[in-house]
Amino acid sequence: MTTMIRNDIKALAAYHVPDSGGMIKLDAMENPYNLPDEVRQEWLEKLALVDLNRYPDSNMLLLRQKIAARDGVEPEQVLLGNGSDEIIQMLLLAMNPGTCVVPRPTFVMYDMVSRWLKRPVASVPLKDDFSLDADYFLQVCGREKAEIAFLACPNNPTGNLWDEAVVQRIARGMSGHLIIDEAYGPFSEHSYTSMISTKVMVLRTFSKLGWAALRLGYLLGDAEQISQLNKVRMPYNINGLTQASALFLLDKSELFEQQAAMICAERERVFERLSRLDQVTLFPSKTNFLLLRVPDAGVLFDGLKKAGILIKNMHGSDPLLTQCVRITIGSKEENSAVIAVIEELLR
Ligand SMILES: Cc1ncc(COP(=O)(O)O)c(C=O)c1O
């Protein structure tokens, strides 16, 4: 049967989102804490003021100003996206044709969106301890004449933060553009905004900080490059409810910083508890999730699922992730539940 769909698209697997109804959801790096009641009430009052019949502000100067002030850049250096996923798409759409280079394993959307746009992708395997070899990465960038490279700092799904010297060496050594993705920045206490230049941009999102439902990400870069990228931004890409919510929530930064600190403290507690189990190999994390290797990832995943806990089985997605699972850090109670079930399953 002939169809209208390109064969290479037909060959792709869709981004899979499993059903999590009624489960403890520890598969997608969400913040476990919802808004406190009094903040929620205030937020709802702001939302009630949105004119639903009107298109939202397309320029979003006020929102860009607030984000710029928070991150120490100018509003002209901020590009907003419907999640950072949309910005990855804008970058890969607007940049000169040429290979996209990424480490392996890393966040899947760099590869997936490149494929949608018929951009070649070259991936550079990490070492066994998930460290990144800058020379090898630069060698591949040179060989492929890379136009763009993505480095998630910290990396998903491995959870580690590469040495700053490695990232700086790559930024200096490659002739194409480097996008440093700081999706997990709220948990890493490290940022590369000081490296922003005509060659280096920093990608961020509010998703992991507690606003996943809003779908709001942003790119920080050189003002001229940002204004060029703005040409491939869909008009009104940030909906009116998201804009109103973000303007309100940005004034509550302290609340989300406190939540991130609680998540980091819980990460250390879960790490310590699971590291007591002989059968578990844990990898250091600067994110809101832990990657662990167990004797049988499928058995652990199924056992947790039966107990009503959804995590992510990474086994089979990359040779370096053999028998690995990724567990998002949840609330104290959720984490205690996950620890208890893992202890039971591995006893
Ligand atoms: C490294 C990295 N970048 C970007 C994203 C996408 O985030 P957003 O919700 O802003 O699209 C994720 C989501 O898991 C991620 O892990």
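1. A crossing is left-handed if the near helix is turned anticlockwise from the far one by less than a right angle, and right-handed if clockwise. By that rule, α2 passes α10 in a right-handed crossing.

2. This is a predicted model, where local features need pLDDT of at least 70, side-chain atom pairs count only at pLDDT 80 or more, and totals for chains, interfaces and linings use all residues. Residues are numbered from 1 along each chain as its sequence is written, and side-chain values use heavy atoms, without hydrogens and water.

3. Helix α2 covers residues 37-47 and helix α10 residues 240-249. Helices are DSSP runs (H or I, at least four residues), numbered from the N terminus. The two axes come within 9 Å and cross at roughly 135°. Axes are lines fitted to C-alpha atoms over the stretch in contact, and angles run from 0 to 180 degrees between N-to-C directions. That makes α2 oblique to α10. Oblique is what remains once angles under 35 degrees (roughly parallel), over 145 (roughly antiparallel) and 65 to 115 (roughly perpendicular) are set aside.

4. In α2, Val39, Glu42, Trp43, Lys46 and Leu47 meet Leu241, Ala244, Ser245 and Phe248 of α10. Contact means heavy atoms within 4.5 Å.

5. Now the ligand. It is surrounded by 14 residues, and the closest are Ser84, Asp181, Thr205, Ser207 and Arg215. Near means a heavy atom within 4 Å.

6. Asp181 has a polar side-chain atom 2.6 Å from a nitrogen atom of the ligand. Asn156 places a polar side-chain atom 2.8 Å from a ligand oxygen atom. An N or O atom in the side chain of Arg215 is 2.6 Å from an oxygen atom of the ligand.

Terms used. Helix = DSSP H or I, 4+ residues; strand = E, 2+ residues; numbered from the N terminus. Polar contact = N/O pair within 3.5 Å; in protein donor to acceptor, adjacent residues only side chain to side chain.
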